[in-house]
Amino acid sequence: MSQFQSRITSLLGIRYPIILAPMGGVSGGELAAAVSEAGGLGLVGASYGDPEWMKRELGHVAGLECPWGVGLVMFTVAKRFDLLDLALSFRPDVVALSFGDPAPFIEPIRNAGARILIQVHNIKQARDAVAAGADALIVQGAEAGGHSWKRATLPLAPAVRDAVGPAMPIIVAGGIADGRGMAAALTLGGDAAMLGTRFFATSEALGSPDIKRRLIEGHAEETVRTRAFDIVRGIDWPPQYSGRALENEFSRMWVAREAELSMASDAVRTAYADAVRNDDLHIRAVWAGEAVDMINSIQPARTVIDDLMREAEASLALALRSFAPEAAIPA
Ligand SMILES: Cc1cc2nc3c(=O)[nH]c(=O)nc-3n(C[C@H](O)[C@H](O)[C@H](O)COP(=O)(O)O)c2cc1C
C-alpha cells in the first residue's frame, strides 16, 4: 500500500489517516487497540464516564506501543473532573473532546502530554476550539451515527477549512464508510477521516451479534434523529443536539412525543433499562448513521482499514484520470 502523509499522520504519529470514533459502549479497548495496531488511531469511547468501564477498557490499550486515545463527552465530565484524571492516569497519547466547552480541559490534558482533538459542528465552534488550544478539529456532520448538530458534512468541512485556515489539522466525520467517503474527506479540506458506524460493524466492537446484524440489515432512511433515547435514560443533553439511531418500536412511539416522555413514569425508564440489559433491539437504541447503507458484513478492524486505504487510493486515482486530457470527451 502507498505511503500516506498528512498533518494528522505527522501530528499523531500514525501510519494511516483513519481515526476510530470514540463510540460510547462500542469503542472498547479491544477495538481501539485493533485500529491503532493496524495503523490508524483507536479512541476508546469513555463517553459519559463510567469509572469501572473506563478502568477495564483503558487497561487493554494502556500498554500499546502505538498511539491510542480516549474520547470524553465534555458536558458530563465537566461535572466530574475525576473522570478526566482517571482517563489521563492511563497515559493516552490523544484525548478527543466532544459536546461542551473545552476550556477547563485544555491545561490538564496538555500537562499530561496528550494531543487534544476537539469535535465541532459549525464554524463558530471551530474558531472557538482553535482559540481554546485544539491540536486538531474533528468536523462532524449530521449524517453521523450517534449525536450531532444539524449541518451536513459535505458543505461543513470545506467551510470550516476556509474559516480556520490551512494550518489547522482537520479530521472529517459523519457519513464515511468506505474509501470513496475517505477520498472525499481528503478533498474537502480534511487531513483524515473519522469513522463510527463502519467500525461498529467489526468483530472487535463491543455489542452483541444481533446488534451488529441490525447494522447490516438497516438502511439510512430508517434512521431517525431524536432526543427520546436521551430523555428516557435521564441524560441531560444540551438541547441543540440529537442522536441518530435506527428506528424501532420505542422511537416510533416517542419521537413525536418527547415532551410527554420527559414526564413519563419511572416504569417507562425501568422498562428501557431492562431492554438495554436484555439487548432488546425493539426498544434499546441502535445508534447508526447514514453510512449504514454501505455496511454489508462484519469485518475485523484491520480489514476495514486495509480496504479503506486501497479504495481511497483507487477513488482518487480514478477521479484524477477523469481529468486527464486523453479522457476528454470529443466535442
Ligand atoms: C454507536 C455510536 C456511539 C457513539 N457514541 C459517541 C460518544 O459517546 N461520544 C462522541 O463524541 N461521539 C459518539 N458517536 C459519534 C461519533 O463520534 C462520530 O462522530 C460518528 O460516528 C461519525 O459518523 P459515522 O457514524 O457516520 O461514521 C457515536 C456514534 C455511534 C455510531
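Two strands pair if DSSP finds at least two bridges between them. Helices (H or I, at least four residues) and strands (E, at least two) are DSSP runs, numbered from the N terminus. This is a predicted model: local features need pLDDT of at least 70, side-chain atom pairs count only at pLDDT 80 or more, and totals for chains, interfaces and linings use all residues. Residues are numbered from 1 along each chain as its sequence is written, and side-chain values use heavy atoms, with hydrogens and water left out.

Angles here run from 0 to 180 degrees between N-to-C directions, and axes are lines fitted to C-alpha atoms, for helices over the stretch in contact.

Begin with strand 8 (residues 170-173). Ile170 and Val172 point one way from the strand, Ile171 and Ala173 the other way, and all are buried. Buried means under 20% relative accessible area, exposed over 50%, and partly exposed in between (1.4 Å probe, protein chains only). In a regular strand the side chains alternate between the two faces of the sheet.

Strand 8 has a partner in strand 6 (residues 136-140), with parallel pairing over four bridges. Ile138 stands opposite Ile171 in strand 8. Strand 8 also pairs with strand 9 (residues 192-195), again in the parallel sense, over three bridges. In strand 9, Ala192 is the bridge partner of Ile171.

Now move to strand 3 (residues 68-73). Six of its six residues are buried, so strand 3 is largely enclosed by the rest of the structure. Trp68, Val70 and Leu72 lie on one side; Gly69, Gly71 and Val73 lie on the other. Strand 2 (residues 42-47) pairs with strand 3 in the parallel sense over five bridges. Gly45 stands opposite Gly71 in strand 3. Ser47 has Leu72 of strand 3 as its bridge partner.

Three strands form an open sheet in the order 7-11-10, with antiparallel pairing. Strand 7 (146-148) and strand 10 (223-226) stand at the edges, each with a single partner strand, so one side of each has no neighbour in the sheet. The twist averages 30° from one strand to the next. Strand 10 and strand 11 (residues 242-246) pair in the antiparallel sense over four bridges. Arg225 has Arg244 in strand 11 as its bridge partner.

| Strand pair | Sense | Bridges |
|---|---|---|
| Strand 6 and strand 8 | parallel | four |
| Strand 8 and strand 9 | parallel | three |
| Strand 2 and strand 3 | parallel | five |
| Strand 10 and strand 11 | antiparallel | four |

## The helices

In helix 5 (residues 81-89), Leu83, Leu84, Leu86, Ala87 and Leu88 are buried. What covers them includes helix 3 (51-61), strand 3, helix 4 (74-77), strand 4 (94-98) and helix 6 (103-111). Contact means heavy atoms within 4.5 Å. Arg91 follows helix 5, and its phi is positive, near 55°.

Angles under 35 degrees count as roughly parallel, over 145 as roughly antiparallel, 65 to 115 as roughly perpendicular and the rest as oblique. Gly179, Arg180, Met182, Ala183 and Thr187 in helix 9 meet Leu308, Met309, Glu311, Ala312, Ser315 and Leu316 in helix 16. The residues of this contact divide into six nonpolar, three polar and two charged. Ala, Val, Leu, Ile, Met, Phe, Trp, Tyr, Cys and Pro count as nonpolar, Asp, Glu, Lys and Arg as charged, and the others, Gly among them, as polar.

Helix 2 (residues 29-37) packs on helix 16 (residues 301-323) too, at an angle of about 40° and with the axes 8 Å apart. Helix 2 and helix 16 are therefore oblique to each other. Leu31, Ala34, Val35 and Glu37 in helix 2 meet Ala301, Arg302 and Ile305 in helix 16. By class, this contact has five nonpolar, no polar and two charged residues.
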